Amino acid sequence: MNAFAGAKVKAGAAAVNTLLYGAIAGLMIGIAALTAYLLHDQIREPAAEPGNPGVGAPNRQHDGIIDIDPPLTLTDFTLTDQYGAATSLGDLRGQFTLLAFGFLHCPDICPLTLREMQRVRDMLGEAADAARFVFISVDGARDTPEALRHYFEFREIGGMIGLTGADAAVRAAGDALGLAFAVSEETAPGGYLVNHTAGAFLLDERGRWIRRYHFGVPARAIADDLLRMIKA
């Protein structure tokens with residue numbers, strides 16, 4: 001084999017190796033992304049209680065919709081909204097309340113959740129006046145009332161109540177719902193990340209927990225479910 005032919009063989013082998021390494025790298029990135037999604041999706045689910053088979057049992061409408069039966073009475077809490085006003089659980093009574101937890105520096109799950117909540121509100125049409133939509137921050141150190149207000153205005157998120165407060169106050173608000181959150185060892189361009197329970201929770205007009213919507217349940221399914229209760 002002359003020098004020219006040998007060079008061609010080596011070049012071909014190098015190209016094959018490059019493609020192989022690229023494929024392996026792509027596969028590893030995909031596996032890592034899937035793992036991160038699954039871990040981020042749910043830190044801890046509400047545990048089923050003895051004598052309460054409704055908790056943790058999907059209903060017939062969608063695998064990700066869980067009936068809380070009997071409804072769970074929540075302990076009152078007080079947080080601060082995006083305008084600096086104190087807001088308690090009592091202030092939310094009188095209407096259905098769809099709420100979710102998250103933080104403004106979240107790169108993926110939280111923006112998607114807010115977008116889906118906005119879609120649910122739009123799908124309800126005039127019936128949206130019978131419901132409130134609440135986003136509770138799990139990152140009170142950065143998510144000040146002013147930050148929440150600017151975020152909603154910049155992303156054109158209307159009709160959303162943003163609540164924030166100290167960690168202890170947020171944990172008190174979400175404890176009965178199975179909320180868990182903690183600062184992650186991971187970082188992003190915007191700073192640290194926060195692992196937290198994803199999905200949404202529905203409270204009835206009396207402020208009792210009646211539904212759990214896992215992250216990924218379509219906005220249409222949530223809107224239809226909520227609309228049935230509003231019209232009941």
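Is R115 buried or exposed? R115 is exposed, with a relative accessible area of 51%, where exposed means over 50%, buried under 20%, and partly exposed in between (1.4 Å probe, protein chains only). Keep in mind that this is a predicted model: local features need pLDDT of at least 70, side-chain atom pairs count only at pLDDT 80 or more, and totals for chains, interfaces and linings use all residues. Residues are numbered from 1 along each chain as its sequence is written, and side-chain values use heavy atoms, with hydrogens and water left out.

- Helices (H or I, at least four residues) and strands (E, at least two) are DSSP runs, numbered from the N terminus.
- Strand β4 covers residues 96-102, and seven of the seven are buried, so the strand is largely enclosed by the rest of the structure.
- F96, L98, A100 and G102 point one way from β4, while T97, L99 and F101 point the other way.
- β4 runs parallel to strand β5 (residues 131-137), with seven bridges joining them; strands count as paired if DSSP finds at least two bridges between them.
- F96 has A131 as its bridge partner in β5.
- To get from β4 to β5, the chain passes through helix α3 (residues 109-124) in a right-handed β-α-β crossover; right-handed means that, with the strands pointing away from the viewer, the path from the first strand over the helix to the second runs clockwise.
- β4 also pairs with strand β9 (residues 200-203), this time antiparallel and over four bridges, and L99 stands opposite F201 there.

- β9 and β10 pair antiparallel over four bridges, and the bridge partner of A200 in β10 is Y213.
- Four residues sit between the two strands of this hairpin, and G207 in the turn has a positive phi of about 80 degrees.
- Five of the six residues of β10 are buried, so this strand, too, is largely enclosed by the rest of the structure.
- Strand β1 (residues 65-73) runs antiparallel to β10, joined by five bridges, with T73 opposite R208.

**Nonpolar cores**

- A nonpolar core here is a set of buried Ala, Val, Leu, Ile, Met, Phe, Trp, Tyr and Cys residues joined through side-chain atoms within 4.5 Å.
- The largest one has 31 residues, and L98 and L124 touch the most other members.
- β4, α3, β5, α4 (145-154), β9, β10 (208-213) and α6 (219-231) each supply at least two residues of this core, with the largest share, seven residues, coming from α6.
- Leaving aside residues up to four places away in sequence, L124 touches A131, F133, A223, L226, L227 and I230 (contact means heavy atoms within 4.5 Å).
- There's a second, separate core of 29 residues, which includes I66, A198, L203 and W209.

**Salt bridges**

- Counting a side-chain nitrogen of Lys or Arg within 4 Å of a carboxyl oxygen of Asp or Glu, the model has eight salt bridges.
- The exposed R115 forms one with E116, with the closest N and O atoms 3.8 Å apart.
- R142 and D139 meet at 2.6 Å, N to O, and D139 is buried at a relative accessible area of 3%.
- R208 pairs with D204, the closest N and O atoms being 2.8 Å apart; D204 is buried, with a relative accessible area of 6%.
- D67, R211, D225 and R228 are linked in a network of salt bridges.
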